[in-house]
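Here are my notes for anyone opening this entry for the first time. Have a look at the picture, then work through the points below.

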Amino acid sequence: MTDIPSQTEAALAAIAASATLDALEAQRLETLGKKGWVSLALKTLGGMNPEERTAAAPAIQSARAAIAEALDAKKAALEAAALEEQLARETIDLTLPAQAAPKGSVHPVSQVMDELAEIFADLGFAVATGPEIEDDWHNFTALNMDETHPARAMHDTFYFPDKTAEGKDVLLRTHTSPVQIRSMLDQGAPIRIIAPGRVYRSDSDATHTPMFHQVEGLVIDKDIHLGHLKWTLETFFKAFFEREDIVLRLRPSYFPFTEPSVEVDVGYSNEGGRRVVGGHGDAPGHAWMEIGGSGMVNARVLEFAGLDPAEWQGFAFGLGIDRIAMLKYGMNDLRAFFDGDPRWLAHYGFSPFDQPTLSAGVGARA
Ligand code: DAH
């Protein structure tokens, strides 16, 4: 056995030279471990007589203390270096643009619904909603279409097999008009609402899908007349299409829930094979296109909804949201709206940050 001071010196040098935590642990085992030379030397003290022990102990004790301190210090240094190295390796440069991240986009129908709400809110309309699973009383009867009314057959209704507790048929609403009834029953009059949402009809081709979107409008007050209706729709379409030359034509028509009823046409022209809204429909190169139904709310509907027609009157309208979205953003196949193809959405969708506001332009594109 070599002398303790030189063994200690060699151990301290080996500890200092350890480049890894594993190498350092090997040094610990060789010295302070159960079978390390320091531990074995300490054990020999027990077999010595007091004089021998007094002579030998200080060297061994100080070797142990020096080595333990060196091991601790080196361990701390190696751990700090490992942390520094890991931090350097895992650094994220937060100044890099997030281009690589997948980006969601807002569907044109959602965007147009937001645009509608924004424009009509400015005109004092609140947004109302109703259930998509309706009963036939709200969808038909209260809208002046009793069981035998021929207009019911025109709606290609999806019925559920079960009936309500009161024995009413249950169906997928065929239009947003039942929200008129629900809003009047809930709020009474006066009232000024729009009700955008999904509607369902058993119908499918290039211009019809079994589910599509409508927006209903309803104004009930005193002294309301067709002039208010025409101004409201004209003001809406000017803001929506962001052009002043919108010309509407009201054409006499029939809906059970309005009296009188009118169909609303808008003047347009063909530009590059695409319909562009604007101008008088009878002007050269122009024509009329139907964009919605409307009229003065039928007195029978007011009665069904609990209002006195001698006191209250108003107008209602219904527009196809998909239709006006296609016109505004130049899409030509309705079916693509509901295919969920990410390439179509990437092309026609909107940035979530592109919130429609009246001041920035409701149709601003990112
Ligand atoms: N509910 C009608 C439909 O889906 C559209 C409609 C026409 C709504 C005239 C109205 C209205 O509010 O007054 O065909």
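**Notes on the ligand site and the chain**

1. Start with the strands around the ligand. β6 (211-221), β10 (286-297) and β11 (313-320) each give at least two residues to the shell around the ligand. Keep in mind that this is a predicted model.

2. Now for the shell itself. The ligand is surrounded by 15 residues, and the closest are His175, Ser177, Arg201, Gln214 and Glu216.

3. Which side chain has an N or O atom 2.9 Å from a nitrogen atom of the ligand? That's His175. On the backbone side, a polar atom of Ala316 is 3.2 Å from an oxygen atom of the ligand. Phe317 also has a polar backbone atom to look at, 3.3 Å from an oxygen atom of the ligand.

4. How much of the ligand does the protein bury? Taken alone, the ligand exposes 350 Å², and the protein buries 90% of that. If you're browsing pockets, the space that the ligand takes up is the largest pocket.

5. Zoom out to the whole chain next. The protein chain is split into domain 1 (4-89) and domain 2 (108-348). How far apart are the C-alpha centres of domain 1 and domain 2? They lie 86 Å apart.

6. A few backbone details are worth a click. As background, most peptide bonds are trans, and most residues other than glycine have a negative phi. Going from Ala189 to Pro190, though, the peptide bond is cis, with omega near 0 degrees. You'll find Pro190 in the loop between α8 (178-187) and β5 (191-200).

7. There's also a cis peptide bond from Glu259 to Pro260, again with omega near 0 degrees. Where does Pro260 lie? Look in strand β8, residues 258-271.

8. Last one: does Asn144 have a positive or a negative phi? Its phi is positive, at about 70 degrees, although Asn144 is not a glycine. Asn144 belongs to the loop between α6 (136-139) and α7 (150-154).

How values were computed:
Residues numbered from 1 in each chain as written. Predicted model: local features only at pLDDT ≥ 70, side-chain atom pairs only at ≥ 80, totals over all residues. Heavy atoms only, no water. Near = heavy atom within 4 Å. Polar contact = N/O pair within 3.5 Å; in protein donor to acceptor, adjacent residues only side chain to side chain. Areas by Shrake-Rupley, 256 points an atom, 1.4 Å probe, with all protein chains shown as cover. 1 Å grid on protein atoms, 1.4 Å probe; cavity = no way out; pocket = protein on both sides within 12 Å on 5 of 7 lines; lining within 4 Å. Sits in = over half its atoms within 2 Å of the grid points. Helix = DSSP H or I, 4+ residues; strand = E, 2+ residues; numbered from the N terminus. Domains from an automatic or database assignment.
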